[in-house]
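Open the model in your viewer and keep the selection tool at hand. We will go stop by stop.

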Amino acid sequence: MIVKTLLAAICAGLIAGLFMTAAQELRVVPLILHAETYEGEPAPETPTAHEHSSRESRSLLQSLASALQPITPAYAHDGEAHEDGGIMFGLSRFSGTLMANLVTGAGFGLLLGGIGVLTGSPPTLRTGLTWGALGWLSVHMLPALGLPPELPGFPAADLGDRQTWWLITTALSALGLGLIALRPEIVAKGAGFVLLALPHIYGAPQPGDIASPVPAVLGAEFAVAALATTLAFWLVLGTVSGAINDRFLKTA
Amino acid sequence: MAVTNASGVSLSLNDRMIAGLLSLCIGAFLVFGAGLANSAVLHDTAHDVRHSFGFPCH
């Protein structure tokens, strides 16, 4: 029974991951590739001497990385020491994306299924859309209020800080939405809203210098495209999870 | 086709807890590996995915 629950979640996740790959290739990936052509150029606002010298070392690093990597120079991000980068198993960029989507899909599927089982109301065909929408809100929309989806080359604060803030925000948002959606008491709903607001009152880590070589229009298009595709991903994930649960886990 | 909450044949509470916690752990592990893990190989493989899922990335 336990195995069946896990398999159902993984199956739904793999299907959603497959769907996500197709959706990404339509709009999101072309935008990433476009932005990468600007990456490594100096930001237009601050052409100082210091900026210039760091750019030179960057381009040296880039050429070194592109010589070492058979895949694509686009992966050699500026300022980053790429000692042992490169795509796993020497796959192509698309295969890497597909694989990562499948893994991520299975992961989110398991998280969704796990929360469903623990709360005693796993997604069904009827509630799947709602579960998916709540998942999207807590993992993407609410964290995106503080840390919008970024293109390569965008200015950003320290990675560790952002990841910590993102994780905490995701967890608090899921908890808050769970309280609002699943508990009937007014107090619980109020507490849910407080949990949703807390990380934003605290504030997301922001970069000190927001100058960027990547055009802002691309960033806006990308943010919308990324949120839209992840919404589609979560709706598919919730619905497929529900359908599989209805069919194979009637007992749950 | 109506889906009922047939509690008579439902998972025992214990089984539900195990199934739920197990899938939470595995799920978190997978998402962490694909989305957040600080490894150059994992980062490069999942690069486009990390960006499009809005995971904080380099």
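**Stop 1: chain A as a whole.** Select chain A. Of its 252 residues, 43% count as buried. Keep in mind that this is a predicted model. Color chain A by secondary structure. You will find seven helices and zero strands. From the N terminus on, the order reads α-α-α-α-α-α-α. Now turn to contacts between residues at least 6 apart in sequence: 76% of them join residues at least 24 apart.

**Stop 2: confidence.** Color by pLDDT, the predictor's confidence in each residue. Chain A has a mean of 84, and 82% of its residues reach 70 or more. Where does pLDDT stay under 50? Select residues 63-76 of chain A: that is one such stretch, and the model has 21 contacts beyond four places in sequence for it. Residues 78-83 of chain A also stay under 50, with 10 contacts beyond four places in sequence.

**Stop 3: α3 of chain A.** Select residues 93-119 of chain A, which form α3. This helix is mostly covered, with 22 of its 27 residues buried. Check its length next. At 1.5 Å a residue, α3(A) should span 39 Å, and its end C-alpha atoms are 38 Å apart, so the two agree. Step just past the end of α3(A) to Gly120(A), which takes a positive phi of about 80°.

**Stop 4: where the chains touch.** Show chain B as well. The contact takes 55 residues from chain A and 38 residues from chain B. On the chain A side, α1, α3, α4, α5 and α7 each give two or more residues. Which of them gives the largest share? Select α3(A) again: it supplies 16 residues. By class, the chain A side has 29 nonpolar, 19 polar and seven charged residues.

**Stop 5: the largest nonpolar core.** Look for 45 residues that make up the largest nonpolar core. Ala12(A), Ala16(A) and Leu237(A) have the most contacts inside it. At least two residues of this core come from each of α1, α3, α4, α5 and α7 of chain A, and from α1 (13-36) of chain B. The largest share, 12 residues, comes from α3(A).

Zoom in on Ala12(A). Leaving out residues up to four places away in sequence, Ala12(A) touches Gly109(A), Leu237(A), Val240(A), Ser241(A) and Ile244(A).

**Stop 6: α5 of chain A.** Select residues 159-182 of chain A, which form α5. Its 24 residues should span 34 Å at 1.5 Å a residue, and the end C-alpha atoms are 34 Å apart, which agrees. Now highlight its buried residues, among them Trp165(A), Trp166(A), Leu172(A) and Leu177(A). What do the buried residues of α5(A) pack against? Display α4 and α6 (186-202) of chain A to see their partners.

**Stop 7: a glycine in chain B.** Select Gly35(B), which sits in helix α1 of chain B. Is Gly35(B) buried or exposed? Count its C-beta neighbours inside 10 Å: there are 26, so Gly35(B) counts as buried. Setting aside residues up to four places away in sequence, Gly35(B) touches Thr104(A), Ala46(B), Arg50(B), Phe53(B) and Phe55(B). Finish with a distance. Gly35(B) and Gly54(B) are 19 residues apart along the chain, and their C-alpha atoms are separated by 9.1 Å.

Technical notes:
Residues are numbered from 1 along each chain as its sequence is written. Chains are lettered from A and ligands numbered from 1 in the order in which they are written. This is a predicted model: local features need pLDDT of at least 70, side-chain atom pairs count only at pLDDT 80 or more; totals for chains, interfaces and linings use all residues. Helices (H or I, at least four residues) and strands (E, at least two) are DSSP runs, numbered from the N terminus. A residue is buried if 20 or more other C-beta atoms lie within 10 Å of its own, exposed if 12 or fewer, and partly exposed in between; C-beta atoms are placed from the backbone. Two residues are in contact if their C-beta atoms, placed from the backbone, lie within 7 Å. Ala, Val, Leu, Ile, Met, Phe, Trp, Tyr, Cys and Pro count as nonpolar, Asp, Glu, Lys and Arg as charged, and the others, Gly among them, as polar. The expected span of a helix is 1.5 Å times one less than its number of residues. A nonpolar core is a set of buried Ala, Val, Leu, Ile, Met, Phe, Trp, Tyr and Cys residues joined through C-beta atoms within 7 Å. pLDDT is the predictor's confidence in each residue, from 0 to 100.
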